[in-house]
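Hi,

Here is the structure I promised to pass on to you. Could you open it next to this message while you read?

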Amino acid sequence: MELNVHLGKPATFEGDAVIVGVFSDGDLTPPAEAIDSLSGGALSRLRGGAFRAALGDVLPLPLTGAGAPLALVLGLGARAGFGYAQAKKAAALAARRAQKMRLGRVGIVASGAPDPLAPQDAMEAALLGAAIGAYRFDRYQQEKGEGPTSISLICGRPEGEGAAHAAHKSASAIAAGVATARDLINTPPNEKTPEKLVAAVLAMAEAEGLDCRVIDRQELTKMGAGGILAVGRGSAHPPAIVVLRHDGGEGPWHGYLGKGMTFDSGGLDLKTAGGMLWMKSDMSGAAAVAGAMQAIHRLQLAGRFIAVLSIAENMTGADAYRPSDVLKMLSGTTVEVSNTDAEGRLVLADGMEILQREKVADITDLATLTGAIVIALGSHRAGLFSNDDRHAEAIAAAGERAGERYWRMPLDPEHKEALKSPTADIKSTGGREGGASMAAEFVHHFAGDTPWVHLDIAGTAFTEESGSLGHGATGFGVETLVRFAQRG
Ligand code: BES
Ligand code: ZN
Ligand code: ZN
């Protein structure tokens with residue numbers, strides 16, 4: 001999909017349809033007024049009646065005398081409370097509709113956003129949202145969809161040109177990163193075994209000119225990365241760690257870390273059939289980190305970022321690790337395995353140690369870590385855990401900017417207590433209660449005092465609904481990590 005900028009009034013856009021937003025209250029914005037007259041006044045006649053302009057409502061209207069034969073009038077809801085997240089969601093829904101209608105070349109207008117949404121942010125939300133909504137994953141289908149082939153940001157005000165180009169640049173890079181993450185997550189597990197996932201990340205890095213190093217099983221063994229090695233032992237496909245670097249000049253390195261379980265069967269503590277259904281998405285943290293690094297590098301952002309992807313498959317083969325095994329982790333800590341389905345924290349622990357050795361200033365990890373966070377927060381908000389209020393606030397602010405929602409969750413000494421083991425330094429689980437905090441506390445052990453944020457994205461990484469994102473991977477977290485890197 002191509003993303004463009006079209007300079008000129010909506011009527012000058014030559015394509016299949018123009019998307020123009022309309023609020024449910026107040027006057028029409030100037031571009032909406034233009035569409036109203038091009039539709040012979042149909043918009044103003046229908047608005048408030050058959051068309052209420054609730055957020056995401058779409059009203060197709062034929063146009064005469066315009067470069068495009070059709071407008072998709074897009075409901076934006078009430079002006080109050082309209083922000084970046086609402087703009088992005090509405091644009092995504094409009095693009096989904098354009099896809100269903102098999103419209104090829106689509107334009108979108110983003111001017112007239114009410115305060116406090118800045119004009120450039122509105123443009124980014126429109127273009128990025130539309131790109132995200134028009135995404136589809138049809139690699140394994142013989143019949144391909146026919147959705148939008150290009151989306152153009154329409155900018156009719158000369159003074160907005162600079163902002164339009166800046167928005168186009170930023171939205172294009174982030175859209176590419178989000179699509180990379182979603183493609184990787186949607187790929188079936190037989191097609192993304194650890195070797196194949198590593199190869200896919202390498203190919204992306206090579207295409208982008210992003211520095212990439214692979215630590216294979218042999219090297220992990222030499223290093224003593226007992227956590228990820230144990231998790232990968234039940235699989236015919238050896239684990240690996242991928243390290244990506246973006247060096248945007250001076251300053252400290254920031255660490256990103258992602259859980260990359262290409263499939264989580266649970267291991268010997270086998271999941272139920274239902275529990276296994278979405279476990280190809282158990283590498284969503286690693287996918288989001290890879291997608292974010294792609295965007296950060298494309299944008300040539302200032303700042304230094306090192307990303308670690310801990311990649312393995314949790315299976316039940318003859319050499320699978322067992323409950324009661326004691327592992328020596330890369331950091332030297334010994335861990336008694338209490339449940340082989342709590343594998344994410346083990347691969348994160350070894351990845352974390354690699355970042356610690358790089359002396360990063362802070363670490364942000366993303367992981368589909370616990371079912372407990374899904375129960376606690378549902379599927380629209382991810383859990384945020386941290387040992388450092390400043391870093392927590394920086395990531396929360398980035399999430400806010402990205403329109404991705406987080407909720408701060410506790411880390412308590414009682415969880416640390418529950419992870420005490422009679423046999424090893426610590427054990428890997430401590431009971432069902434407070435499961436998301438318990439898992440976070442385990443990861444905390446390896447973060448130590450380094451400012452660290454853990455984002456448990458188990459509930460937000462994929463969706464079974466067909467809302468603004470459609471079915472499957474959401475790419476949740478990519479934009480948060482890019483916005484964190486973009487902060488001035
Ligand atoms: N990958 C799962 C967590 C998960 C669950 C992700 C549902 C997405 C949707 C993780 O490895 C896991 O199995 N966690 C266990 C931990 C338990 C054994 C302490 C869980 O949450 O049940
Ligand atoms: Zn598991
Ligand atoms: Zn898992």
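Below are my notes on helix packing, the ligand site and the backbone.

One thing to keep in mind from the start is that this is a predicted model.

Let me begin with the helices. Two packed helices are described by the angle between their axes and the distance between the axes, and I have followed that pattern here.

On the α10 side, the residues involved are Ala288, Val289, Gly291, Ala292, Ala295 and Ile296, and they meet Val478, Leu481, Val482 and Ala485 in α16. Sorted by class, the residues in this contact of α10 with α16 are nine nonpolar, one polar and no charged.

Helix α16 also packs against helix α5 (residues 161–186): here the axes come within 9 Å and cross at roughly 140°. That angle makes α5 oblique to α16, and the crossing of this pair is right-handed. From α5, the contact draws on Ser170, Ile174, Gly177, Val178 and Ala181, while α16 supplies Val478, Glu479, Val482, Arg483 and Gln486. The class count for α5 with α16 is five nonpolar, three polar and two charged residues. If you want to follow α16 from one partner to the other, look at Val478 and Val482, which are listed in its contact with α10 and again in its contact with α5.

A further pair is helix α11 (residues 344–357) with helix α15 (residues 435–447), packed at an angle of about 25° with axes 9 Å apart. Helices α11 and α15 are therefore roughly parallel to each other, and their crossing is right-handed. Arg345, Leu346, Leu348, Ala349, Met352 and Gln356 of α11 make this contact with Ala439, Phe442, Val443, Phe446 and Ala447 of α15. By class, the contact of α11 with α15 holds nine nonpolar residues, one polar and one charged.

Now to the ligand. Which residues are closest to ligand 1? Of the 15 residues that surround it, the closest are Asp264, Lys271, Asp282, Asp341 and Gly371. Lys271 places a side-chain N or O atom 2.8 Å from an oxygen atom of ligand 1. For Gly371, a backbone N or O atom is 2.7 Å from an oxygen atom of the ligand. The backbone of Leu369 takes part too, with a polar atom 3.5 Å from a nitrogen atom of ligand 1.

Finally, there are a couple of backbone details to look at. Most residues other than glycine have a negative phi, and most peptide bonds are trans. Where does this model depart from that? Asp115 and Pro116 are joined by a cis peptide bond, with omega about 5°. Pro116 sits in the loop between β5 (105–109) and α4 (119–133). Ala53 has a positive phi, near 60°, although it is a residue other than glycine. You will find Ala53 in the loop between α2 (42–46) and β3 (58–62).

Do write back once you have had a look.

Best wishes

Notes: Residues numbered from 1 in each chain as written. Chains lettered and ligands numbered in written order. Predicted model: local features only at pLDDT ≥ 70, side-chain atom pairs only at ≥ 80, totals over all residues. Heavy atoms only, no water. Contact = heavy atoms within 4.5 Å. Helix = DSSP H or I, 4+ residues; strand = E, 2+ residues; numbered from the N terminus. Nonpolar A, V, L, I, M, F, W, Y, C, P; charged D, E, K, R; others polar. Near = heavy atom within 4 Å. Polar contact = N/O pair within 3.5 Å; in protein donor to acceptor, adjacent residues only side chain to side chain. Axes fitted to C-alpha atoms, helices over the stretch in contact; angles between N-to-C directions. Parallel < 35°, antiparallel > 145°, perpendicular 65-115°, else oblique. Left-handed = near helix turned anticlockwise from the far one by under 90°.
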